[in-house]
Amino acid sequence: MSSRIAGSMMRQLSPRFFSTAAISRPVAAGGMVPPILIGHAGGGTASVPVAWVGIPVASFRRIVTSPEAVGKDVSAGGRKEEKAAVSYWGVEASKLVKADGTEWKWSCFRPWETYSSNVSIDLSKHHVPITWGDKMARWTVKALRVPTDIFFQRRYGCRAMMLETVAAVPGMVAGLLLHLRSLRRFEHSGGWIKALLEEAENERMHLMTFMEVSQPRWYERALVFTVQGVFFNAYFVTYLLSPKNAHRMVGYLEEEAIHSYTEFLTDLEAGKIENVPAPAIAIDYWRLPADATLSDVVKVVRADEAHHRDVNHFASDIHYQGHQLRDLPAPVGYH
């Protein structure tokens, strides 16, 4: 009795709530995916807006055409030549090309997100700790550097990866908390949400770059899990309690990052570490010359860290002067 009632309800509701059929289908002989019929809100499968037409399973691509065109090509056994991947929902990834006409191959960033880093930035600037909060932030960062030096020693490639897994956290946490604050208080952020999320994304791109140079060992990956879990929660609580001290700590963390990358660059230029060609992702992201090397990558990454140092010390100063971040325009796009 109950099963018949449930079946009747499902038949009545399915045209309304389950408007599309399952996409997966058995593979036909020869490794080809047969055409797929997509249901509509009115029920049935009268038209065929999406079809997988004669494409090997190992290298399929989605082709979207009008129902009339699909019917014509399927009945004639023809094949579509469009290369654009379009979903049934109309979300189409545009094809991008570089200035030389070659196809843009990165999906993690777009051409308009690339930039030439300002490597002439002053790397020696340092915020002298004055208040108790400044000194605590400075001591915390110095204490964290000791086990890092012992563990990695002069393996700067792995050290850089570990550093970036930590350095990409503060911007995301701060941006998240400012985002929630903006929603709760119905107020603008002054661009600081965007600026801090840009910082987090930039740090993540550092990690993606160094992954092309050095692969972490299994225990280093395990260490990342541990450190990231502890640091995320610790920084989250710190930012809730005192944003000014949280930003100050990140400013000092970036100062240490500059120091580490300077040591990395020294060993590269001295020949202690092989100065291999720059990864392709770095050449496109920082608009480096085609013959750029790892030392060029380290220079632009170090410059990025110097900019992050400035932004976080600036944010801390804003709080120390009794203002909110939204009171002053954020340095969006500061590279």
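**Burial, salt bridges and helix packing in a predicted model**

Of the 335 residues of the protein, 40% count as buried. The structure is a predicted model. The protein exposes about 18900 Å², and carbon and sulfur atoms supply 61% of this area. Nine helices and two strands make up its secondary structure. Along the sequence these elements follow the pattern α-β-β-α-α-α-α-α-α-α-α, with the two strands placed after the opening helix of that pattern. Among contacts with a separation of 6 or more, 66% are between residues 24 or more positions apart.

Salt bridges were examined next. The structure holds twelve of them. One of these joins the side chains of Arg248 and Asp134, with a distance of 2.9 Å from N to O. Arg248 belongs to helix α7 (residues 243-269) and Asp134 to helix α3 (residues 132-152), so that the pair links parts of the chain 114 residues apart.

Arg138 pairs with Glu256, and the closest N and O atoms are 3.4 Å apart. Because Arg138 lies in helix α3 and Glu256 in helix α7, the pair ties together parts that are 118 residues apart in sequence. Arg138 is buried, with a relative accessible area of 17%, and Glu256 is buried at 8%.

A further pair is formed by Arg145 and Glu263, whose side chains meet in a salt bridge of 3.7 Å, N to O. Here too the partners come from distant parts of the chain, with Arg145 in helix α3 and Glu263 in helix α7, 118 residues apart. Arg145 is buried, with a relative accessible area of 13%, whereas Glu263 is partly exposed, with a relative accessible area of 23%. The value for Glu263 is not under the 20% limit, and therefore this residue does not count as buried. Salt bridges that share partners join Arg138, Lys142, Arg145, Glu255, Glu256 and Glu263 into one network.

Helix α6 covers residues 218-241. The buried residues of α6 are Glu220, Phe231, Tyr235 and Tyr239. These buried residues pack against α3, α4 (156-185) and α7.

Ser182 is buried, with a relative accessible area of 17%. When neighbours within four places in sequence are left aside, Ser182 is in contact with Glu187, His188 and Ile193. Ser182 and Arg326 are 144 residues apart in sequence, while their C-alpha atoms are 9.6 Å apart in space.

Note on methods
Residues numbered from 1 in each chain as written. Predicted model: local features only at pLDDT ≥ 70, side-chain atom pairs only at ≥ 80, totals over all residues. Heavy atoms only, no water. Helix = DSSP H or I, 4+ residues; strand = E, 2+ residues; numbered from the N terminus. Buried < 20%, exposed > 50% of the residue type's maximum accessible area, 1.4 Å probe, protein only. Contact = heavy atoms within 4.5 Å. Areas by Shrake-Rupley, 256 points an atom, 1.4 Å probe, with all protein chains shown as cover. Salt bridge = Lys/Arg side-chain N within 4 Å of Asp/Glu carboxyl O. Expected span 1.5 Å × (residues − 1).
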